[in-house]
Amino acid sequence: MTSFDGMWAAPGSDPRTFDSPVGEMATIREYLTNYRLTLGLKCEDLTAEQLATRSVPPSTMSLLGLVRHMARVEHNWFFRVLQRHLDVPRIYWSPEDNDLDFNAVAGDPAAVDEAFKDWREQITAADRWLDDVTDLGATFALPGDRGGEASVRDILIHMVEEYARHCGHADLLRECIDGRTGQ
């Protein structure tokens, strides 16, 4: 399968927006939303086994692992850090396995459903929190041994960067699975 003139979705069916948003928050949110949608698009129409297909040994990276990882990242930054719930354990993580989000992936439909449900719930919760943000310069304590603080702006730009990097991984993983390419 190939892309549509270099694009991932057929003309008229791409859920991403390519507006010219006004203001810093609107711009950041459009990029973040589009990258979230891109990751979802890269996973469409694949079986549980295909989603759990790992890249190349010894890597444990898979599309399903990326979805679990991004659920974990959304939860960590938006709920734990920005909403000041650092005492709540991370999802898809354990003290014994920092890469549990990737390492514990199984090509099981129930595991796929759970990962996508968790990811979507984290996005919905993050977006609800973002709806009330008025100060991108507000600072929050960073978790663990990082120490220090980061602004809402810095964390949001980090989220865009995190999705952008992993959408690049998703491009390569999807192409290995079924040859489909595109943005």
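How far apart should the ends of helix 6 be, at 1.5 Å a residue? The 27 residues of helix 6 should span 39 Å, and the end C-alpha atoms lie 38 Å apart, which agrees. The expected span is 1.5 Å times one less than the number of residues.

This is a predicted model, in which local features need pLDDT of at least 70 and side-chain atom pairs count only at pLDDT 80 or more, while totals for chains, interfaces and linings use all residues. Residues are numbered from 1 along each chain as its sequence is written, and side-chain values use heavy atoms, with hydrogens and water left out.

## Overall build

The protein has 6 helices and 2 strands. Their order along the sequence is α-α-α-α-α-β-β-α. Helices (H or I, at least four residues) and strands (E, at least two) are DSSP runs, numbered from the N terminus.

Of the 183 residues, 43% count as buried. Buried means under 20% relative accessible area, exposed means over 50%, and partly exposed lies in between (1.4 Å probe, protein chains only). The accessible surface comes to about 9,600 Å². Carbon and sulfur atoms hold 54% of that surface. Areas come from the Shrake-Rupley method with a 1.4 Å probe; for residues, only the protein chains shown count as cover.

Helix 1 covers residues 24–43. Its 20 residues should span 28 Å, and its end C-alpha atoms are 29 Å apart, which agrees. Buried residues of helix 1 include Met25, Ile28, Leu32, Leu39 and Leu41. Cover for the buried residues of helix 1 includes helix 2 (48–51), helix 3 (63–81), helix 5 (109–130) and helix 6 (152–178). After helix 1 comes aspartate 45, with a positive phi near 65 degrees.

In helix 6, the buried residues include Val152, Ile155, Leu156, Met159, Val160 and Tyr163. Further along, Cys167, Ala170 and Leu173 are also buried. The buried residues of helix 6 pack against helix 1, helix 3, helix 5, strand 1 (139–141) and strand 2 (149–151). Just after helix 6, glycine 179 has a positive phi of about 80 degrees.

## Salt bridges

The structure holds 12 salt bridges. Each is a side-chain nitrogen of Lys or Arg within 4 Å of a carboxyl oxygen of Asp or Glu. Three of them are tabulated here.

| Pair | Closest N to O |
|---|---|
| Arginine 29 – aspartate 131 | 2.9 Å |
| Lysine 117 – glutamate 121 | 3.4 Å |

Arginine 29 and aspartate 131 form a salt bridge. This pair links distant parts of the chain: arginine 29 sits in helix 1 and aspartate 131 in the loop between helix 5 and strand 1, 102 residues apart. Arginine 29 is partly exposed, at 22% relative accessibility. Aspartate 131 is exposed, at 54%.

Lysine 117 and glutamate 121 both belong to helix 5, 4 residues apart, about one turn. Lysine 117 is partly exposed at 43%, and glutamate 121 is partly exposed at 42%.

Glutamate 161 and arginine 165 are 4 residues apart in helix 6, so about one helical turn separates them. Glutamate 161 is partly exposed at 34%, as is arginine 165 at 37%. Salt bridges with shared partners join Arg29, Arg36, Glu74, Asp127 and Asp131 into one network.

## Aromatic rings

Rings of Phe, Tyr and Trp (its six-membered ring) pair if their centres lie within 6.5 Å; planes under 30 degrees apart count as stacked, over 60 as edge-to-face and the rest as tilted. By this rule there are 2 aromatic pairs. Phenylalanine 116 and tryptophan 119 have ring centres 6.0 Å apart and planes at 80 degrees, so they are edge-to-face. Both lie in helix 5, 3 residues apart. Phenylalanine 116 is buried at 9% relative accessible area, and tryptophan 119 is buried at 4%.

Tryptophan 129 and phenylalanine 140 have ring centres 6.4 Å apart and planes at 70 degrees, so this pair is edge-to-face. The pair links distant parts of the chain, tryptophan 129 in helix 5 and phenylalanine 140 in strand 1, 11 residues apart. Both residues are buried.

Arginine 90 lies over the face of tryptophan 93, 5.2 Å from the ring centre. The rule asks for NZ of Lys or CZ of Arg within 6 Å of the ring centre and within 35 degrees of the ring normal.

Key
Contact means heavy atoms within 4.5 Å.
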